[in-house]
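Here is a short briefing to read with the model open beside you. Take a look at the chain, then go through the points by topic.

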Protein chains: 2
Amino acid sequence: MKAIPENIAKAIEEFQKLPGIGQKTAERLVFHLLRKPEADLGQFGKAVSSLKEGIRYCDVCKNLTTEKVCGVCADSSRDPSVICVVEDPLDLIALEKANEYQGVYHVLHGVISPMEGVGPDELAIAELIDRLEKGGVKEVIIALNPSMEGEATAAYLMKYIKPLNIKVTRIARGIPVGGDLEYADSQTLKRALLGRMEY
Amino acid sequence: MKAIPENIAKAIEEFQKLPGIGQKTAERLVFHLLRKPEADLGQFGKAVSSLKEGIRYCDVCKNLTTEKVCGVCADSSRDPSVICVVEDPLDLIALEKANEYQGVYHVLHGVISPMEGVGPDELAIAELIDRLEKGGVKEVIIALNPSMEGEATAAYLMKYIKPLNIKVTRIARGIPVGGDLEYADSQTLKRALLGRMEY
């Protein structure tokens, strides 16, 4: 469209490629940026361009890192005998923010999903089993999403972990804090009842 | 947070500065980008960094352009005797997309808003009056938003345009196409009734 300069049209197009960002939102974001000083734009641009620079998977847990071993695994105050299994690094970040967990992680980078052609070999499952077979792990906490794929992956993992005689737990399902019982679905309520704890 | 590499944290921070993008969304966007090839990131980054490169205001209508005169003003098929006054370039883009208007524009770059300290001198109003005083303009279409500030700005403009004996119109208010009469507010319904047209 010749009504707007090429640079602006290009930037709008790039923002539109992001998930959940349609044309109107992309336009709004770009016109917001147009009101910022050039230095701010340079900083944002560089943050995107160099996003993947030096990023690799942690040798131990497959979390994203710039070192051989990620920040959590390298932290000597963390307990390496408890491993929390998550689907992706965003879940790890969410758990870290809860500021409650003192163990380490293992990032699978997905869940088993035959519909999307993701089998166990596409995930960091063999690496997890290797880690467990080396010994020293007392508990594996499965923190996968309560989806069909998450449950299937958990079941698959159980098959390999059980024979190693390691305790396997999973994070509680129930009413979210601030959530409303009235609006909770029946599966969640069922899990909340089954997982009830004594006062 | 040392759970994620510095580059990633930096990019999340930059995305969070955008309007309407909170931490969770910023994280989701950045992790989406992490799955893209470096080349795509470079392209996005460059689009942001160079967004304002060479961008200036059109000498005639104050639209954004990289030339002395914007694409619309430079288009000889457009009718320069009809000027549509808009608040900002996004409104111009929206009108251009409707693919109905054949005249030219004037971009005010805001509306009069005493609450936000925006007076007539902060806007491209003097430039509009100059343009009109040069003659050759038959109609001014006011296409400002139907907010209190938009109405006040329209009233201010009228005061200066009326003495020039130029026809001033404003775009119709009414029920949006696809909109539901039942959910329209009473002011909109009132305007829709007053602006009724014969079949």
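Among contacts in chain A (heavy atoms within 4.5 Å) between residues at least 6 apart in sequence, 46% link residues at least 24 apart. Please keep in mind that this is a predicted model, in which local features need pLDDT of at least 70 and side-chain atom pairs count only at pLDDT 80 or more, while totals for chains, interfaces and linings use all residues. Residues are numbered from 1 along each chain as its sequence is written, chains are lettered from A and ligands numbered from 1 in the order in which they are written, and side-chain values use heavy atoms, with hydrogens and water left out.

**Fold**
- Chain A holds eight helices and six strands, taken as DSSP runs (helices H or I, at least four residues; strands E, at least two) and numbered from the N terminus.
- Read from the N terminus, the order of elements in chain A is α-α-α-β-β-α-β-α-β-α-β-α-β-α.

**Domains**
- Domain 1 of chain A covers 6-21 + 28-49, and domain 2 covers 77-170; these bounds come from an automatic or database domain assignment.
- The centres of the two domains of chain A, taken over C-alpha atoms, lie 37 Å apart.

**Dimensions**
- The C-alpha trace of chain A spans about 65 × 45 × 35 Å along its principal axes.
- Chain A has a radius of gyration of 22 Å, whereas a compact globule of 199 residues would have one near 16 Å; the radius is taken over C-alpha atoms, and the globule rule is 2.2 Å times the number of residues to the power 0.38.

**Burial**
- Of the 199 residues of chain A, 42% count as buried, meaning under 20% relative accessible area (1.4 Å probe, protein chains only).

Methods
Buried < 20%, exposed > 50% of the residue type's maximum accessible area, 1.4 Å probe, protein only.
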